Amino acid sequence: MEGQDEVSAREQHFHSQVRESTICFLIFAILYIISYFIITRYKRKSDEQEDEDAVVNRISLFLSTFTLAVSAGAVLLLPFSIISNEVLLAFPQNYYIQWLNGSLIHGLWNLASLFSNLCLFVLMPFAFFFLESEGFAGLKKGIRARILETLVMLLLLALLIFGMVWVASTLIDSDAANLWEFYLPYLYSCISLLGCLLLLLCTPVGLSRMFTVMGQLLVKPAILEDLDEQIYMITLEEEALQRRLHGLSSSVGYNVTELEQELENVKTLKTKLERRKKASAWERNLVYPAVMILLLIETSISVLLVACNILCLLVDETAMPKGTRGPGIGSASLSTFGFVGAALEIILIFYLMVSSVVGFYSLRFFGNFTPKKDDTTMTKIIGNCVSILVLSSALPVMSRTLGITRFDLLGDFGRFNWLGNFYIVLSYNLLFAIMTTLCLIRKFTSAVREELFKALGLHKLHLSDTSRDSETTKPSANGHQKAL
C-alpha cells in the first residue's frame, strides 16, 4: 500500500508539473505573438533585405520580441497573482480551477525573474553587439565572424560588470565570496533599484502627462467655439499654402521643405477640427469630462494610498516590502474590501505602468527613443525593449513598496537587499508622493501661471512651458501668427 501511494504521489506530481509547464508555455506563446505584431508594426521596412544583414536583423527581431514578451509577463505577474488569490478564495473546491494553485503562481514568479535576468544580461547585449558587429579584421566575413566578435564583446562586458560588482560588494561585505549566492543577486538587486528609481522619475511625470495625452485622443467639448468658422479659416490657409508651393519663386523667403512641413501641420489640424465637428454630442460633452474625472480619481487614490503607506511604515514593521511572509495563495484576502479592493489594486497597477511609459517617453533625455510606425531601426527597438523590460520588472517591486498592494513579492523579487532598509523605503514613498503632487499642481496651474506672466510682462522670458509652446507655433501662410 505504501508503494502504491508513493507511485500515485509521483504520478500526481508529474501531471501537475506537465500541466503547469503547458499553462506557462501557452501564456508565453500568446504574449510572444502579440509582441511580434507590435514590433513589426514599428520596425522599419527598409531593413528587410535578403542578405547577411537580413539574417542578423531577423535574429535581433526574435530576441527583441522575446524580451518584450517577458516584459509583458512581468507587468501581468502581480495582477494575475492578485486575481488568482481572490478566485481561489471565492471557489476553493471548484474542480475547473484546480490548475490555479500556489505552485503555478510561484513558478510564474520564478520564470519571470529568470527570463528577466536572461534578457537583460545576455539576450539584449547579444542582439545589440550582433547587430553592430562586422567581424574581426583578417577573418572571413560572414555570420560566424560576427558571432565570434559578439561573443568576445559579451565576455569583455561580463568581466567589466563582474569587476564593478566585486568592487562594490567588497566595500559592503568583505566576507562575501560566492558568485551565485552573492554577486549575481546583488547585481540584480542594484538593477532593480535603478529600475525603481527610473519609475520614480517617470511615473509622476506620466501621471500629469496622462491628462494631455487623453485630451489629444478624445474630442474636447466645443464651448464658445465656432467649428465651421475655424474649418473655413484653416481651409483658406491650406489653399494659400498650396498656391505658394505651386508658384514658388526665388524671392520667396520660405523654402520648399518648410512650406511642405507647414502644409502637413495645417492638414493635421484640419483633420482634428473635422473630427471634432463629426463627433456626437455625448462623445463631446460626456466622454471627455468622464475620462478626465476618472484619471483625477485614480491619481488621487494612488497618492492617498502612498500617504497611508507612509503612516503604516512609521508604526508597523510588517508594512515593509521585505517584512514577514503573509498567508499563502488562496488562504486569505490581502485587501480590506475583498474582491472590489483587489480589482482596484489591479486597475491602479496598470494605470501606474501606462503612466510610467508615458512619462518615460515624455522626458527630454528619452524623447529620441520614441518609436515611429514603420520607421524604427532595430537598434532603437532594442533600446526600447531594454527600457520597457527595466520598467516592467521594477513594477511589482514599486507597487509593493508604495503600498498599492499588500501581496508579498515572491521568488527573487522579494530577496532584494534594499527592500529591508527602512530609510530607503520611506524616502521612496515620500519622494513619490511629493513629486506626484508637485507635477499635478504644476499641470493644473499652468494656465493661471501663464496669465500671471503675461500680466506682469514676464512671458517674454520663457519662464513657463506654456509660453514656450505658444511661441513655437508655426506661422501661417501670410507670415503672421494665427490663433484658431
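Analyst: Glu 298 is found in helix H8, where helices (H or I, at least four residues) and strands (E, at least two) are DSSP runs numbered from the N terminus. This is a predicted model, in which local features need pLDDT of at least 70 and side-chain atom pairs count only at pLDDT 80 or more, while totals for chains, interfaces and linings use all residues. Residues are numbered from 1 along each chain as its sequence is written, and side-chain values use heavy atoms, with hydrogens and water left out.

User: Why is Glu 298 called buried?

Analyst: Glu 298 has a relative accessible area of 13%, and buried means under 20%, with exposed over 50% and partly exposed in between (1.4 Å probe, protein chains only), so Glu 298 counts as buried. Not counting residues up to four places away in sequence, Glu 298 touches Ile 347, Leu 348 and Tyr 351, a contact being heavy atoms within 4.5 Å. Glu 298 and Tyr 351 are 53 residues apart along the chain, and their C-alpha atoms are separated by 7.9 Å.

User: How is Leu 193 classed, and what makes it so?

Analyst: Leu 193, which is found in helix H5, has a relative accessibility of 25% and therefore counts as partly exposed. Between the C-alpha atoms of Leu 193 and Val 397 there are 9.1 Å in space, although 204 residues separate the two in sequence.

User: Why is Asn 384 called buried?

Analyst: The relative accessible area of Asn 384 is 6%, so the residue is buried. Asn 384 has its place in helix H10, and, leaving aside neighbours within four places in sequence, Asn 384 is in contact with Tyr 361, Phe 369 and Pro 371. Over the whole protein chain, 39% of the 484 residues count as buried.

User: What makes H2 and H9 roughly antiparallel?

Analyst: Helix H2 (residues 52-90) and helix H9 (residues 338-362) pack at an angle of about 175°, with their axes 10 Å apart. Angles under 35 degrees count as roughly parallel, over 145 as roughly antiparallel, 65 to 115 as roughly perpendicular and the rest as oblique, and H2 and H9 are therefore roughly antiparallel to each other. The contact of H2 with H9 has, by class, 12 nonpolar, one polar and two charged residues. Residues of H2 including Leu 76, Ile 82 and Glu 86 meet residues of H9, among them Phe 339, Ile 346 and Met 353.

User: Which residues touch the most other members of the largest nonpolar core?

Analyst: A nonpolar core is a set of buried Ala, Val, Leu, Ile, Met, Phe, Trp, Tyr and Cys residues joined through side-chain atoms within 4.5 Å. The largest has 57 residues, of which Ile 82, Leu 295, Met 398, Leu 402, Tyr 428 and Phe 432 touch the most other members. H9 gives the most to this core, with nine residues. Leu 402, neighbours within four places in sequence aside, is in contact with Leu 305, Val 306, Asn 309, Tyr 428, Asn 429 and Phe 432. Apart from this core lies another, of 23 residues, among them Val 56, Leu 63, Phe 129 and Phe 130.

User: How many helices and strands does the protein chain have?

Analyst: The protein chain has 13 helices and zero strands. Among its contacts with a separation of 6 or more, residues 24 or more positions apart account for 77%.

Technical notes
Axes fitted to C-alpha atoms, helices over the stretch in contact; angles between N-to-C directions. Nonpolar A, V, L, I, M, F, W, Y, C, P; charged D, E, K, R; others polar.
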